[in-house]
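Hi,

Here is the structure I said I'd pass along. Have a look first, and my notes on it follow below.

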Amino acid sequence: EMKKWMKCLGLMLLCFFLCGCASQNGATRETPLLIDADAGALEGERQTYALYFRLEDRPYLAAENRNVEVGRDETVEMALIRQLIAGPSVTQAVLQPLFPSGTQVMATSKQGDLLFVTFSEDFLSGYNSEKSDLPAAEKKMAVQQERQLCLDALAATLTDAGLCTRVQVLVHRRQVKTSSLRLEEDYLYQNGSTLPLPEITRQEDTLFTPYNAARHVLDAWMTRNHDQLLSSLAVQGRPTVQMMESLLENSLTLTGFRLSHGDVSADGQWAVVTAELTLHREGQDQVRSGYPIRMRRENGVWKMPFDTLQSMMTEE
């Protein structure tokens with residue numbers, strides 16, 4: 001009988017412990033809710049990355065800083081490439097998508113600092129320039145430029161995130177049997193070559209850095225292209241077409257220039273590029289050295305304030 005009583009007492013204590021209900025100062029303490037360890041498995045981490053897209057119809061890339069969520073079941077590389085394929089945000093009116101419609105990233109793999117990226121065969125689909133009525137030679141150049149910028153945007157985005165230093169593009173073709181998935185030279189050069197296209201690396205010349213933005217403005221000044229000048233100016237204080245035409249008509253003549261690559265401010269919103277300007281005045285050239293050109297980042301794109309341009313074009 002003693003043993004039976006002890007067993008009953010033990011069961012009562014165990015039930016009391018598991019129930020977890022006890023009264024303390026009139027309040028009831030509830031048993032904590034147990035959370036499944038896998039409940040948050042599908043939630044990802046968010047981080048800001050620079051995604052590169054084409055700047056208007058220019059041969060340059062500009063960055064859009066985007067808050068990207070990386071799922072727990074995917075790599076950062078896959079998440080960024082999917083965002084690239086999706087294109088720029090609707091608020092980024094000056095940025096253009098670069099990947100053909102329907103393109104999908106199928107896989108990524110890494111070998112040292114080399115990243116292999118496999119796309120669906122839609123990657124080889126035509127661009128708008130391929131469907132245009134341009135003469136054959138101009139169409140070929142336009143296609144090559146679009147495809148080169150697409151590759152450059154891929155490399156710039158991935159290297160900017162510190163994920164690799166080189167990229168090898170592979171294409172999975174459903175209907176074509178081939179010994180290699182590597183992207184062929186014909187994709188870029190349209191020369192029928194089946195040789196694999198070399199690994200792609202970061203190309204600073206195609207990035208719309210403060211240096212390239214300032215160079216774009218000075219080129220427009222030299223060629224007296226007021227439309228190009230207007231599109232290169234910050235919105236705040238931007239002049240009318242008539243004001244720009246008048247400024248060009250009465251400005252000094254720029255015959256040559258050299259630029260430094262410049263320095264960006266700590267907040268990333270301003271940059272200063274140092275220029276050496278060769279100006280033609282009264283029948284002779286004069287060199288203005290060490291001239292600081294301020295550039296302003298506007299919606300991710302480097303622009304020149306109008307007062308900076310005006311001072312540079314009229315300063316004695």
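**Aromatic pairs and the rest**

Searching the whole structure turns up five aromatic pairs. One of them joins Phe-99 and Phe-119, with ring centres 5.6 Å apart and planes at 45° to each other. That angle makes the pair tilted, because only planes under 30 degrees apart count as stacked and only those over 60 as edge-to-face.

Keep in mind that this is a predicted model.

Where do Phe-99 and Phe-119 sit in the chain? Phe-99 is in the loop between β5 (95-96) and β6 (105-111), while Phe-119 belongs to strand β7 (residues 114-120). They are 20 residues apart, so this pair links distant parts of the chain. Both Phe-99 and Phe-119 are buried.

Arg-294 places its charged end over the ring of Trp-270, at 4.0 Å from the ring centre.

Now for the chain as a whole. You'll find eight helices and 13 strands in it. The chain runs to 316 residues, and 39% of them count as buried. Taking the contacts with a separation of 6 or more, 57% come from residues 24 or more positions apart. As for the surface, the chain exposes about 18,700 Å², and carbon and sulfur atoms supply 51% of that area.

Cheers

Definitions and conventions. Residues numbered from 1 in each chain as written. Predicted model: local features only at pLDDT ≥ 70, side-chain atom pairs only at ≥ 80, totals over all residues. Heavy atoms only, no water. Phe/Tyr/Trp six-rings, centres within 6.5 Å; stacked < 30°, edge-to-face > 60°. Helix = DSSP H or I, 4+ residues; strand = E, 2+ residues; numbered from the N terminus. Buried < 20%, exposed > 50% of the residue type's maximum accessible area, 1.4 Å probe, protein only. Lys NZ or Arg CZ within 6 Å of the ring centre and 35° of its normal. Contact = heavy atoms within 4.5 Å. Areas by Shrake-Rupley, 256 points an atom, 1.4 Å probe, with all protein chains shown as cover.
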